[in-house]
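Hi,

Here is the structure I promised to pass on.

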Amino acid sequence: MPVTSERYAIGLARAFGGAIIFGIPLLMTMEMWSLGFSMGRGRLLLLMVFTLAVLVGLSYFSGFEKTFSLKEDAMDAFAAFGVGVITSAVLLVVLAVITFDMTWSEIVGRVALQSVPASIGAMLGRKQLGDEQDMDAEEERKREAGYGGELFLMVAGALFLAFNMAPTEEMILIAFQMTPWHVLALGVLSILLLHVFVYSIGFSGQESRPEGGTFLTTFLHFTLAGYGVALLVSFYVLWSFGRTDGVSVAEIANMLVVLGFPASLGAATARLVV
Amino acid sequence: MNREHKQGGNETGKVAPQVPWLEWVASGVGLLLVLGVFGVIGWQLFNGATVPPVITVEVENVALVEGGHRVLFRARNRAGEAAAQVEIEGTVSTAGSDPETSRVVLDYIPGHSEQEGGLFFRRDPRSGALTLRATGFANP
């Protein structure tokens with residue numbers, strides 16, 4: 001079937017739908033508004049670059065074409081980013097978070113930060129809200145991509161969910177409230193859920209255990225690796241928001257485990273969602 | 001964003017996939033937004049975004065309202081870094097009596113931006129000397 005502009009328009013409309021649905025929780029989160037202008041500019045820029053890279057990767061995995069073309073994926077990523085920026089800008093104006101007596105740097109900062117979840121949502125919206133897609137080609141891509149691809153999907157999933165929680169004060173507050181026992185319990189629970197979600201309870205798109213893999217190798221290769229990814233992504237997101245500045249290592253560890261909980265759920269379900 | 005194989009002409013079946021014009025438009029707009037957003041953020045990086053807050057307060061308007069006098073002010077952050085929990089203190093001092101002080105806390109003033117607020121006084125600020133200043137801030 002040829003890709004006409006009409007079909008592309010439908011895809012674009014789905015992308016806008018995804019951007020709104022996946023972006024709305026953070027569009028209505030107070031901390032996101034102030035982080036938009038108060039977080040370090042260098043960190044914000046790095047976050048945007050990282051997001052674009054993730055978008056290119058996501059385009060590869062949920063793309064329809066079998067042939068890998070970096071140009072196509074880059075075009076997709078830019079389009080998703082554009083959809084994310086436009087959706088965020090319009091909604092922030094409607095919600096009166098952005099008014100026109102603000103300075104440009106403030107407006108751009110707020111829109112830029114919100115465009116991270118919105119553009120990932122735009123990319124996922126195409127798949128989640130669409131019906132016609134080539135599941136076989138997609139499965140083949142995931143198989144071809146191998147272990148590196150698995151890790152990438154875990155990074156994307158962890159980023160999306162961690163990003164949804166990290167801006168809120170609650171992450172820090174929860175870390176303050178918890179005793180070391182709570183933290184250990186939450187860490188164990190995260191690893192357990194990560195393993196169960198991916199290998200045991202039969203979600204659609206679930207992975208089968210790698211051939212010849214024993215429980216232990218699967219656990220080490222995928223579950224522990226996934227939790228490692230979740231912790232790293234959590235750290236990156238917390239650092240981006242300046243939550244780790246001047247905080248003691250022990251307290252950072254607590255925050256990592258707290259944010260690592262949603263991040264590991266994101267890592268576990270990314271393979272099901274993307 | 002929707003793309004599938006276009007098999008070109010039926011007879012060849014090997015023609016390179018053709019990109020619909022709308023895809024060019026969408027990606028083009030996206031690319032422009034990327035450059036614009038990155039540009040503005042990058043520009044700030046090298047233009048004093050890391051200078052700590054300097055806050056000045058100007059009186060905008062003084063009015064007699066129910067229960068006292070209302071002073072509207074505009075607090076301006078002249079530096080690049082954002083300030084949080086900025087306390088604005090206003091004092092009306094008239095000769096022969098203790099000065100009257102009112103305070104308010106502004107949640108945030110972003111860099112190179114301004115926030116408006118108001119203070120209430122029992123005494124008429126115009127009857128004496130009215131001073132407004134920021135007493136402190138926290139890093140966000």
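A bit of bookkeeping before that. This is a predicted model, so note that local features need pLDDT of at least 70 and side-chain atom pairs count only at pLDDT 80 or more, while totals for chains, interfaces and linings use all residues. Residues are numbered from 1 along each chain as its sequence is written, chains are lettered from A and ligands numbered from 1 in the order in which they are written, and side-chain values use heavy atoms, with hydrogens and water left out.

**Interface**

Chain B puts 35 residues into the contact and chain A 49 residues (contact means heavy atoms within 4.5 Å). About 3900 Å² is buried between the two chains, with 70% of that coming from carbon and sulfur atoms; buried area here is the accessible area (1.4 Å probe) that two parts lose on being put together, summed over both. On chain B's side, helix H1 (residues 21-45) gives the most, with 18 residues. (Helices, H or I of at least four residues, and strands, E of at least two, are DSSP runs numbered from the N terminus.) That side of chain B divides into 22 nonpolar, nine polar and four charged residues, where Ala, Val, Leu, Ile, Met, Phe, Trp, Tyr, Cys and Pro count as nonpolar, Asp, Glu, Lys and Arg as charged, and the others, Gly among them, as polar.

How many salt bridges are there between chain B and chain A? The count is zero, taking a salt bridge as a side-chain nitrogen of Lys or Arg within 4 Å of a carboxyl oxygen of Asp or Glu.

**Helix packing**

Helix H1 (residues 5-27) of chain A meets H1(B): their axes come within 7 Å and cross at roughly 35 degrees. Axes are lines fitted to C-alpha atoms, for helices over the stretch in contact, and angles run from 0 to 180 degrees between N-to-C directions. H1(A) brings A:Ser5, A:Tyr8, A:Ala9 and A:Leu12, and H1(B) brings B:Trp21, B:Leu22, B:Glu23, B:Ala26 and B:Ser27. By class, that makes six nonpolar, two polar and one charged.

**Salt bridges**

Over all chains the count comes to eleven salt bridges. One to look at is A:Asp245 with A:Arg43, at 3.2 Å from N to O. A:Asp245 sits in the loop between helices H9 (215-240) and H10 (249-273) of chain A and A:Arg43 in H3 (residues 41-62), so the pair ties together parts 202 residues apart in sequence.

**Sheets in chain B**

One open sheet has three strands in the order E1-E2-E5, paired antiparallel (two strands pair if DSSP finds at least two bridges between them). E1 and E5 (114-121) are at the edges with a single partner strand each, so one side of each has no neighbour in the sheet. Ten bridges join E1 (residues 55-65) to E2 (residues 68-77), and B:Asn61 stands opposite B:Leu72. In their hairpin, with two residues between the strands, B:Gly67 has a positive phi near 85 degrees.

Another open sheet of three strands runs E4-E3-E6, also with antiparallel pairing. Nine bridges join E3 (residues 83-93) to E4, with B:Thr91 opposite B:Thr101.

Cheers
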